[in-house]
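Dear colleague,

Please find below the structure that I am handing over to you, with its sequence. My notes on what was found in it follow directly after.

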Amino acid sequence: MGEYLIEKLNRFNLKLYARTDSDIVNQGKTIYNWLQKHLDVKHYIILDDNVYDYEKYNLMDHLVYLSFHMRLQYTHIEECIKKVQMDF
């Protein structure tokens with residue numbers, strides 16, 4: 001996870017709280033298990049360039065899909081903000 005992403009998120013008051021290993025195929029399961037251990041986390045976004053098994057774990061509403069070849073764009077930030085606001 002590059003400094004670029006962290007800096008860009010911080011500019012919009014979005015904080016990177018946790019991340020998973022990028023080589024795990026079962027990302028949805030990993031995120032689901034992490035959320036089960038951190039029940040205080042109610043509002044979250046998943047930034048990823050793959051969908052993995054997110055649908056199986058009911059995580060699709062939290063996914064902001066990023067193209068593998070494109071950096072985080074302003075449209076992604078807008079989508080993050082909308083998704084977080086929908087959680088309230």
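A residue is called exposed when its relative accessible area is over 50%, buried when it is under 20%, and partly exposed in between. Asparagine 58, at 65% relative accessibility, therefore counts as exposed. Please bear in mind throughout that this is a predicted model.

**Confidence**

The mean pLDDT of the protein is 86, and 93% of its residues reach 70 or more. Confidence is lowest in helix 1, with a mean of 82, and highest in strand 2, at 94.

**The loop between strand 1 and strand 2**

Several of the findings fall in the loop that joins strand 1 (46–48) to strand 2 (63–65). Asparagine 58 lies in this loop and has a positive phi of about 55°, although it is not a glycine. Tyrosine 52 is also placed in the loop between strand 1 and strand 2, and its phi is positive as well, at about 45°, again without the residue being a glycine. As background, most residues other than glycine have a negative phi.

Valine 51 is found in the loop between these two strands too. With a relative accessibility of 32%, valine 51 is partly exposed, because this value falls between the 20% and 50% limits. Together with Met60 and Tyr65, Val51 makes a nonpolar surface patch of about 250 Å².

Histidine 62 belongs to the loop between strand 1 and strand 2 as well. Is histidine 62 buried or exposed? Its relative accessible area is 11%, so histidine 62 is buried. Its side chain reaches the backbone oxygen of tyrosine 44 at a distance of 3.0 Å.

**Aromatic pairs**

Another pair is formed by tyrosine 52 and tyrosine 54, and it is edge-to-face. Here the distance is 6.0 Å from centre to centre, with 75° between the planes. Tyrosine 52 is partly exposed, its relative accessible area being 30%, whereas tyrosine 54 is buried, at 0%.

**The salt bridge in helix 3**

The structure holds one salt bridge. Its partners are glutamate 79 and lysine 83, whose closest N and O atoms are 4.0 Å apart. Both residues lie in helix 3, separated by four residues, or about one turn of the helix. Glutamate 79 is partly exposed, with a relative accessible area of 30%. Lysine 83, by contrast, has a relative accessible area of 14% and is therefore buried.

**Contacts between separate parts of the chain**

Glutamate 79 also features in a further finding. The C-alpha atoms of glutamate 79 and valine 64 are separated by 6.9 Å, and the two residues are 15 residues apart along the chain. Valine 64 is found in strand 2, and at 0% relative accessibility it counts as buried.

Where is histidine 69 placed? Histidine 69 sits in the loop between strand 2 and helix 3. Its relative accessibility is 73%, so histidine 69 counts as exposed. The C-alpha atom of histidine 69 is 9.0 Å from that of aspartate 49, a residue 20 positions away along the chain.

With kind regards

Key:
Residues numbered from 1 in each chain as written. Predicted model: local features only at pLDDT ≥ 70, side-chain atom pairs only at ≥ 80, totals over all residues. Heavy atoms only, no water. Buried < 20%, exposed > 50% of the residue type's maximum accessible area, 1.4 Å probe, protein only. Polar contact = N/O pair within 3.5 Å; in protein donor to acceptor, adjacent residues only side chain to side chain. Phe/Tyr/Trp six-rings, centres within 6.5 Å; stacked < 30°, edge-to-face > 60°. Patch = residues over 30% accessible without salt bridge, like charges linked within 9 Å, V, L, I, M, F, W, Y side chains within 5 Å. Areas by Shrake-Rupley, 256 points an atom, 1.4 Å probe, with all protein chains shown as cover. Salt bridge = Lys/Arg side-chain N within 4 Å of Asp/Glu carboxyl O. pLDDT = per-residue confidence, 0-100.
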